[in-house]
Amino acid sequence: MAVRDRRPAGRRTLVAASVAVASLTVASLWMAFAFLSPTPPHTIAMATDPEGSDSAELGKRYREILARDGIDLRLSPSAGAVENAARLRDPKSGIGVAIIAGGITHRQESPGLVSLGTLFYEPLWFFYHGPRRKEKHESLRGLRISIGPEGSGTHALSLELLARIGIIDRRSAKLLPLAPQAAAEKLLRGEIDAAVMLSSWESPVVQRLLAADNVNLANVTRADAYVALYPYLNKVVVPAGVGDMVKNRPPANVVLLAPKASLVVRRDLHPAIQYLLLEAAAQIHSGPGMFRAAGQFPAPESIDLPLSDNASQFYKTGQPFLQRHLPFWLAVLAQQLLVLLIPVLGLLYPVLRFLPELYGWAMRRGVFRLYGELKSLEEELASRGAQHVADLVARLDRLEDRASRLRSPVAFRPLLYTLRLHINLVRERLRKS
């Protein structure tokens, strides 16, 4: 014989509703974890220029800062900025971040990339061997010029600018794909005539060539025209004597063209990692330098690529509140909980508001069902008369017993009292029959 559930209907309904709410909560959390992917990676890869380059040295500083928050930044050297941009575009490469000079890529070519802002000026240095000469593009004909290895930013920008003045089309110069260090050694020994390199002021190779007696730095006489034709270029001035004050190297101010280097990431890089990179950039690049004032960089500039939404927010308000006041992974955990709880609460709020009404309905339904049975007894009494009084009394006793066993909160007890009063009224009618 089946055991009947003696719990009141309202309680059974409340239990069923609670199970449904718990199931909905678990399902919502699972969907949030599955589709929102709120957990940031512990490891990301950064593409850098070859070992010993400015980019590689900066990568080490970024790695050191991110390691404080438990993020392993793995450095992946390449030929240079062009190759870095290509690897960053490829989702299968595993590269998530790189420092890329202006003019290397653009939003149409790299729709999956965004910028976290500009970091510093990266001048295009043009050193040549021998005494100072008249700086006209005709003087480049017949020279052996190093323009950096293929895949480097130096190589790409050198070809673009040399083509602009007709050097490439006329094939009047011998262009060599030498790395900066090798190019500097050959230039100092007079084995090549000139070397172009896209590098920051802090580069040891640049410092060495600036101070060398037999090497000079070419002045860009039509810098304004280049800036007008190539918006990603800027005009900077190298002051006389800054390379060596004793020897007055260079002997006069030199105008150079300089794109700005940007911190570029994949658009889908986790926001928490983007904020860590931005904080590291602020620590590394915010100081004064040869071509920058203190606090000038990092800057919210969109040159070739759109600025990340996270970067825009960072430059307005700084790091998110939780990351400013909590250790990184604790802040991430709190952010995850907020991300998960907001949609769950949005789903549960109307359900939780409805639960008291559902419970009240279930409790009233239990009482009204007994009222229905009482009404049926009255109708039978009216139709069958006194012939079946004993049977009706027995049924009425059972009904009263069920009513007395029905448990309910204080708010619903008046309904039960009224029901039992009505049962007694019917009992009185049965006695008079």
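Colleague: As I have it, a cavity is a set of grid points where a 1.4 Å probe fits but cannot get out, and its lining residues have an atom within 4 Å of a point. How many cavities of 30 Å³ or more turn up in a search of the whole structure?

Modeller: Two cavities of that size are found. Keep in mind that this is a predicted model.

Colleague: What volume does the largest cavity have, and which residues lie nearest its centre?

Modeller: Its volume is about 80 Å³. The lining has 13 residues, and those nearest the centre are Ile100, Ser262, Val264, Asp304 and Leu305.

Colleague: Which elements give two or more residues to that lining?

Modeller: Those are β3 (95-101) and β11 (254-266). The largest share, three residues, comes from β11.

Colleague: And how does the lining of the largest cavity split by class?

Modeller: There are five nonpolar, five polar and three charged residues in it.

Colleague: What about the second largest cavity, how much space lies in it?

Modeller: About 30 Å³. Its lining is made up of Phe127, Leu209, Leu210, Val215, Asn216, Leu217, Arg249, Pro250 and Pro251. Here α7 and β9 are the elements that give two or more residues, and β9 has the largest share, with three. By class, seven of the lining residues are nonpolar, one is polar and one is charged.

Colleague: Let's stay with α7. Which of its residues are buried?

Modeller: Helix α7 covers residues 204-211, and Val205, Val206, Leu209 and Leu210 are buried in it. Seen down the helix axis, these buried residues fall within an arc of 130 degrees, so they line one face of α7.

Colleague: Why would residues three or four places apart point the same way?

Modeller: An α-helix has 3.6 residues a turn, so residues at that spacing point the same way.

Colleague: What do the buried residues of α7 pack against?

Modeller: They pack against β5 (124-129), α6 (180-188), β8 (194-198) and β9 (215-217).

Colleague: New topic. How many residues are in the largest nonpolar core, and which touch the most other members?

Modeller: That core has 37 residues, and Phe126, Leu140, Ile145 and Tyr226 touch the most other members. Several elements give two or more residues, including β1 (43-48), α3 (81-89), α4 (153-164) and α8 (223-229). Strand β3 gives the largest share, four residues.

Colleague: Leaving aside neighbours within four places in sequence, what is Tyr226 in contact with?

Modeller: Setting those neighbours aside, Tyr226 is in contact with Leu161, Arg164, Ile165, Val220, Leu233 and Leu257. There is also a second, separate core of 32 residues, with Leu66, Leu276, Ala280 and Phe314 among them.

Colleague: Where is Ser146, and is it buried or exposed?

Modeller: Ser146 is in strand β6, residues 144-146. Ser146 counts as buried because its relative accessible area is 0%, and the cut-off for buried is under 20%.

Colleague: What is Ser146 in contact with, beyond four places in sequence?

Modeller: With neighbours within four places left out, Ser146 is in contact with Leu176, Leu178, Ala183, Ile192, Ala194, Ala195 and Val196. Ser146 and Ala184 are 38 residues apart in sequence, and their C-alpha atoms are 9.3 Å apart.

Colleague: Last one, the whole chain. How many helices and strands are there?

Modeller: The protein chain has 14 helices and 11 strands. Of its 433 residues, 45% are buried. Among contacts with a separation of 6 or more, 75% are between residues 24 or more positions apart.

Conventions. Residues numbered from 1 in each chain as written. Predicted model: local features only at pLDDT ≥ 70, side-chain atom pairs only at ≥ 80, totals over all residues. Heavy atoms only, no water. Buried < 20%, exposed > 50% of the residue type's maximum accessible area, 1.4 Å probe, protein only. Arc of directions from axis to C-beta. Contact = heavy atoms within 4.5 Å. 1 Å grid on protein atoms, 1.4 Å probe; cavity = no way out; pocket = protein on both sides within 12 Å on 5 of 7 lines; lining within 4 Å. Points joined across faces, edges and corners; volume = space filled by probe spheres on them. Nonpolar A, V, L, I, M, F, W, Y, C, P; charged D, E, K, R; others polar. Core = buried A, V, L, I, M, F, W, Y, C linked by side-chain atoms within 4.5 Å.
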